Amino acid sequence: MRKETTTVDTMKTRRATADVERAGGRPRVTVTLPRTSPFSRQMLIPGWDQGRLERARVLIAGAGALGNAVTANLALIGAGHLAVADFDRIDVSNLSRTVLFRRGDEGRSKAAVAAERVRPLMLAGAPIVVPLEGDVVWELGWGVFRRMDLILGCVDSSEARAAIGLPAWALGVPAVFGGLYAHNGGVVTQGVGTGPCVACGFSPAEWDDWSRRYSCDQVRRAAAAEAKVPATQIIASLIGALMVQEGLALLHDGGRNAGTRLFVAAQRPVIERVRLTRKPRCPFHAHIACVEEFPALSNQLTAGELLEALGARGREITVRLGREFLVGCRCKGCGRSLPLRKPRHRTHARDLVCEACRRADRPLVTDPRIASIDALSRGMDAAVLGLSLEALGIPALHLLEVERDGRTGWIELTGDLARVLPGWPGEASPTASP
Ligand SMILES: [Zn+2]
Ligand SMILES: [Zn+2]
């Protein structure tokens, strides 16, 4: 039996009582609301914490159909701080599934337009919304992740899900992922602590998709990176709403649903929750125990300047890039050695064409003909040490693993903070004790 009563008086403030009786017996919840609050209805929900939502810092990774749906939902329920990340530009085919975009937006940045349009919809007290224009797989610094209370992965590919899930899991930030296919969809709530990550829930097809992106030609396939998933606004708003619902549960109760997947078949209709199991051999379970912040460091410094700033002269120091930088390679056709000087993730198929013989014969797969680096140390090629971290493929506000005198730890390019997340509130975690 369930009975709900609401009493309303005519004073300046309204006293509302939600009295829910159940077999288990739930406490009576009484909230006093200013009459003018846009949130008065949702605050009648037992256990609802509007203050928690207003303080919440949420990253929406991907501003397509799902990203639009979750961003609009979060704005209306009063989330106070949103960061919207996407590298892509608006295409006319997006307009039927994106409530924040309209005709005339074609060609503009998805992240910038989503942030611009959602700002007036945000009902929290002093809302902040920040667009982050860049590829969520490679160009989103992990310092962004550690300044979030919740991450919503609104991306199509298993590569992007793994790339978002990895730092979220490593830094202990709760994350929810949505996926769409025709009239069906799914929502994965990643575990925190020792629970399963999003990749532990990958199907064999998703693992195939992930590994294919890392074999083949090993270069960025310009437009092919964006999967064309059949979907409608209907299923996008349904899955987006469920993602926000799962996110709210994470913010309110700390993760009862963590490590689960919701299956949604909208035509039958059915929604089913299954628990994911942690796969011991899953490659995405690194843990970052603490991060040392360096306000003097940014990705605008050169590699040489970074090494100088981190260690006194003569100390052994290695900075891992966490990615590969291609220095040069020898053409299979004419045999000439040619410089390349590009991070692998920014290398496109057109870079394989040899300037000398015009054949597309520059091999970029692991090959003795290619020179690449994945770490920085003193005594490297001066041309590499003179490149900025940005040119080496390191995003602003990123975290780097540093080995000094045999000890390994994580540092942050904290000098980029004001540029990447202007006005962003709150502490980051985990932070090294001074
Ligand atoms: Zn995993
Ligand atoms: Zn050649």
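**Contacts and burial in a predicted model**

Residues 24 or more positions apart account for 68% of the contacts in the chain with a separation of 6 or more; two residues are in contact if their C-beta atoms, placed from the backbone, lie within 7 Å. This is a predicted model, in which local features need pLDDT of at least 70 and side-chain atom pairs count only at pLDDT 80 or more, while totals for chains, interfaces and linings use all residues. Residues are numbered from 1 along each chain as its sequence is written, and chains are lettered from A and ligands numbered from 1 in the order in which they are written.

User: Is Ile235 buried or exposed?
Analyst: A residue is buried if 20 or more other C-beta atoms lie within 10 Å of its own, exposed if 12 or fewer, and partly exposed in between. Because Ile235 has 23 C-beta neighbours inside 10 Å, Ile235 counts as buried.

User: Which residues is Ile235 in contact with, leaving aside its neighbours within four places in sequence?
Analyst: Ile235 belongs to helix H7 (residues 233-253); helices (H or I, at least four residues) and strands (E, at least two) are DSSP runs, numbered from the N terminus. With those neighbours left aside, its contacts are Leu180, His183, Gly185 and Ala266.

User: Which elements do the buried residues of H3 pack against?
Analyst: In helix H3 (residues 110-118), seven of the nine residues are buried. Among them are Lys110, Val113 and Arg117. The buried residues of H3 pack against helix H2 (65-77), strand E4 (81-86) and strand E5 (128-133).
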